[in-house]
Amino acid sequence: MSVFGPVVKIHPVVLASICDSYERRNEGASRVIGTLLGTIDKHSIEVTNCFSVPHNESEDEVAVDMEFAKNMYELHKRVSPTEVIIGWYATGFDITEHSVLIHEYYSREASNPIHLTVDTALQSGKMNIRAYVSAQMGVPGKTVGVMFTPLSVKYVYYDTERIGVDLLQRTRVTPSRTKGLTSDLSQVGGAAARVQDMLTTVLAYIEDVLSGKVTADNSVGRFLMDLVNKVPTISPEDFENMLNSNINDLLMVTYLSNLTQVKIALSEKLVLL
Amino acid sequence: MASRKESSSVSSTAMASTGGTLDSPVKQIQIEGLVVLKIIKHYQEEGQGSEVVQGVLLGLVVDDRLEITNCFPFPQHTEDDADFDEVQYQMEMMRSLRHVNIDHLHVGWYQSTYYGSFVSRALLDSQFSYQHAIEESVVLIYDPIKTAQGSLSLKAYRLTPKLMEICKEKDFTPEGLKKANIGFEQMFEEVPIVIKNSHLINVLMWELEDKSTVADKHELLNLSSSNHLEKSLQLLMDRVDDMSQDIVKYNTYSRNLSKQQQQKHQYLQRRQQENAQRQSRGEPPLPEEDISKLFKPPQPPPRMDTLLIAGQINNYCQNVKEFTSQNLGKLFMAEALQGHN
């Protein structure tokens with residue numbers, strides 16, 4: 001049985017999937033459960049995919065469609081053969097007794113599965129995302145119980161995922177929760193605006209330190225030094241040269257592509273004469 | 001599902017009569033954030049080095065909007081999966097998704113692309129069969145390299161009604177295309193995309209921003225451009241070579257055609273002369289031979305490939321221009337930054 005350090009890395013895809021399946025749950029179901037897929041490393045677990053599993057839950061019994069879970073896992077395996085079942089998730093705040101049963105089922109599928117809870121009902125005002133591992137406790141031989149020990153959760157992104165998430169985050173501000181995809185120069189403008197915001201925050205901090213409101217922190221000072229030194233000092237002529245040659249390249253390419261477009265339009269007209 | 005299709009076809013006829021900027025039943029695409037994340041993840045994990053990754057889009061049609069609410073990826077085509085049944089995979093996936101209340105209505109498919117090269121025969125055929133079966137379907141093209149440069153590049157395309165007509169009749173000769181008056185710019189139409197997130201997902205976004213570290217890579221402001229430009233231009237050059245070969249073929253064909261016309265003309269003239277001579281000599285005239293059998297007209301080359309190549313070149317040029325305009329802006333910013341020193 002592998003013992004891993006207490007870090008669980010989650011991709012945002014998984015959380016979005018869980019929220020979506022919670023929104024689509026059946027009438028009367030108070031929570032949704034599903035399987036987590038991912039990869040296990042020596043020191044951490046990375047959760048990269050998930051799918052929901054239909055289940056019925058009542059006061060005294062719980063029924064999970066295991067056939068379905070197995071089927072779905074097979075289908076998913078066709079697409080990404082490196083993903084394995086590493087645990088399961090449930091929406092809701094607490095861990096109930098039914099969770100123990102379900103966890104037992106999943107420990108048959110994977111060694112030491114993790115259990116993820118996502119509080120979609122926002123009971124505590126925030127969406128608490130927690131991960132647990134089960135551990136045996138109690139008196140051996142007599143009453144044995146299961147305890148869920150919490151693990152720390154980190155969010156990891158691929159680079160492209162990060163960019164996607166940044167775009168999605170901009171839907172928060174519009175009242176209709178929609179956002180079109182911008183293009184061209186406006187994106188560069190947007191990125192520059194963000195850097196500008198960050199710079200103003202840093203400047204405000206520096207002002208505070210200078211006026212004595214905040215005590216100076218050495219590590220921050222070192223970062224600031226790095227920042228200022230990042231702008232390379234080049235002699236103006238060299239920089240002019242570099243800038244001009246780059247601009248020339250770009251202009252030439254633009255001219256060539258415009259020319260090509262004109263040529264193909266022309267050749268088409270000639271053929272269709 | 002039957003009633004939904006009925007209402008969507010009714011709304012589509014209403015749309016077609018009113019017209020508008022896009023003469024199609026779908027004027028806007030609304031994608032959920034989840035779909036975007038899934039597509040990104042699929043390419044990231046399974047697409048390195050290989051050609052394209054593909055998948056199916058699920059959703060529904062509301063008025064003139066196509067809402068895409070979920071998607072699932074297609075496994076890669078590998079040689080050792082000879083008995084792998086794609087249709088079965090799709091059916092099983094959709095059945096399973098129906099159990100968990102995910103929309104199981106097939107509304108399109110997505111594909112990743114390499115530097116913008118996606119205008120190909122395969123894509124055309126697939127999209128045609130999709131659009132023929134389901135009128136509102138779209139193909140989403142995801143460009144991972146452009147996305148890695150800082151901004152999500154996701155475009156939705158449909159075939160124009162003109163192109164649909166041509167594909168239906170399979171008439172790719174120059175006359176056929178001239179009749180339809182179709183140019184490379186009228187092959188695909190782009191549908192604007194809007195991303196929509198539910199309230200719960202918005203809560204999740206707030207949570208993520210709270211808990212995750214600030215992104216340390218601002219790729220969008222990266223100044224280096226030569227690598228990307230080189231590759232794009234390389235692809236563009238290849239395509240232009242293809243195009244020139246195609247044009248040469250067409251030229252030889254038209255030259256052959258005109259030569260043949262001349263030969264026909266000469267033959268007819270000689271025939272008439274001979275007949276006149278024979279008549280003057282009192283012999284019966286020679287029978288008129290079937291000219292078309294003697295001079296078989298050369299086969300006109302199909303113009304579909306040319307159209308595709310032209311469309312692809314156009315796409316490359318557009319991408320290159322966008323890229324250069326962005327880079328020019330960045331260079332001027334760098335100049336301003338340097339000027340202060």
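Buried area is the accessible area (1.4 Å probe) that two parts lose on being put together, summed over both. The structure here is a predicted model, in which local features need pLDDT of at least 70 and side-chain atom pairs count only at pLDDT 80 or more, while totals for chains, interfaces and linings use all residues. Residues are numbered from 1 along each chain, and chains are lettered from A.

Q: What makes about 8,400 Å² the buried area between chain B and chain A?
A: That is the accessible area the two chains lose on being put together, summed over both. Carbon and sulfur atoms give 66% of the area buried here. In chain B, L37(B), L200(B) and Q338(B) lose the most area to chain A, together 8% of what that side buries.

Q: How many residues does the contact take from each of chain B and chain A?
A: Contact means heavy atoms within 4.5 Å. The contact takes 100 residues from chain B and 84 from chain A.

Q: Why is the pair E83(A) and K41(B) called a salt bridge?
A: The term needs a side-chain nitrogen of Lys or Arg within 4 Å of a carboxyl oxygen of Asp or Glu. The closest N and O atoms of E83(A) and K41(B) are 3.2 Å apart, so the pair qualifies. The count between chain B and chain A is two salt bridges.

Q: Which helix of chain B gives the most to the side that touches chain A?
A: Helix α11 (residues 304-339) does, with 23 residues; helices here are DSSP runs (H or I, at least four residues), numbered from the N terminus.

Technical notes: Heavy atoms only, no water. Helix = DSSP H or I, 4+ residues; strand = E, 2+ residues; numbered from the N terminus.
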